[in-house]
Amino acid sequence: IIVKYSPSGTHFFFFFFFMHNSNKIDYAYDLKLDASGNVFVTGRGTNSSGNADIFTAKLNNSGVVQWKKAYNGAANKDDSGVALVLASNGNSVFVTGSTTNASNNKDIIVIAYNAATGAENWKKVVTGTANSNDVPTAIVLSGANIVFTGQVDNTTTGKDCITMKMA
């Protein structure tokens, strides 16, 4: 559900979000507003196979969907968007989440989308050396660089904090 109110409590819109147009379970985990009042949201949506995909969407300031994207990882298993950040120039949306790999473990993923069209610009998968369950927790911008943090599982040191800066 996405609901928009004015500062005085006036209701603007109420939106039920179904990623795959079904009555499966969907979750929104993060949202951001741009300077024009557009809403960007990410989370997970259950697909017709019963697995979760990362969903990311843009709604205009009236609550009308401008685009929505699903990312189904290479293993065709559960994936989930956790957090997003908008580029200061308004051109890109950066999403971090987890994607299930072929070993049935989670890897961290960062996906860059074109903010106007929703086209995927690029994606990067990060995994610890143990190829186990790696999870992101936050994403921010530092100038033009993307910085995310989370936890990775490494062979010799176990579960470690990761903070990575991407140019």
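Buried means under 20% relative accessible area, exposed means over 50%, and partly exposed lies in between (1.4 Å probe, protein chains only). This is a predicted model, in which local features need pLDDT of at least 70 and side-chain atom pairs count only at pLDDT 80 or more, while totals for chains, interfaces and linings use all residues. Residues are numbered from 1 along each chain as its sequence is written, and side-chain values use heavy atoms, with hydrogens and water left out.

Q: Is Gly 97 buried or exposed?
A: Gly 97 sits in strand β8, residues 92-100; strands (E, at least two residues) and helices (H or I, at least four) are DSSP runs, numbered from the N terminus. Its relative accessible area is 0%. Because that is under 20%, Gly 97 is buried.

Q: Which residues does Gly 97 touch, not counting residues up to four places away in sequence?
A: Contact means heavy atoms within 4.5 Å. The C-alpha atoms of Gly 97 and Ile 108 are separated by 5.9 Å, and the two residues are 11 apart along the chain. With that sequence limit, the residues touching Gly 97 are Ser 80, Gly 81, Val 82, Asp 107, Ile 108, Ile 109 and Pro 136.

Q: How many helices and strands are there in the protein?
A: From the N terminus on, the elements run β-β-β-β-β-β-β-β-β-β-β-β-β. The count is zero helices and 13 strands.

Q: How compact is the protein for 167 residues?
A: The radius of gyration, taken over C-alpha atoms, is compared with a globule rule of 2.2 Å times the number of residues to the power 0.38. For 167 residues the rule gives 15 Å, and the protein has 16 Å. These values are close, so the protein is as compact as a globular protein of that length.

Q: Which residues have the most contacts inside the largest nonpolar core?
A: A nonpolar core is a set of buried Ala, Val, Leu, Ile, Met, Phe, Trp, Tyr and Cys residues joined through side-chain atoms within 4.5 Å. The largest one has 14 residues, and the elements giving two or more residues to this core are β7 (79-86), β9 (106-114), β12 (145-154) and β13 (158-166). In soluble globular proteins, nonpolar side chains tend to be buried together. The residues with the most contacts inside the core are Phe 94, Ile 108, Val 110, Ile 139, Ile 146 and Phe 148.

Q: Is Asn 38 buried or exposed?
A: Asn 38 lies in the loop between β3 (26-33) and β4 (39-46). Leaving aside neighbours within four places in sequence, Asn 38 is in contact with Lys 32, Leu 33, Lys 58, Leu 59, Asn 60 and Asn 61. Its relative accessibility is 12%, so Asn 38 counts as buried.

Q: Is Lys 159 buried or exposed?
A: Lys 159 belongs to strand β13. Not counting residues up to four places away in sequence, Lys 159 touches Asn 133, Gln 151, Val 152 and Asp 153. Because its relative accessibility is 51%, Lys 159 counts as exposed.

Q: What does Lys 77 count as, by its relative accessibility?
A: Lys 77 is in the loop between β6 (65-71) and β7. Outside four places in sequence, Lys 77 touches Asn 51, Ala 52, Asn 72, Thr 100 and Asn 104. Its relative accessibility is 30%, so by the cut-offs of 20% and 50% Lys 77 counts as partly exposed.
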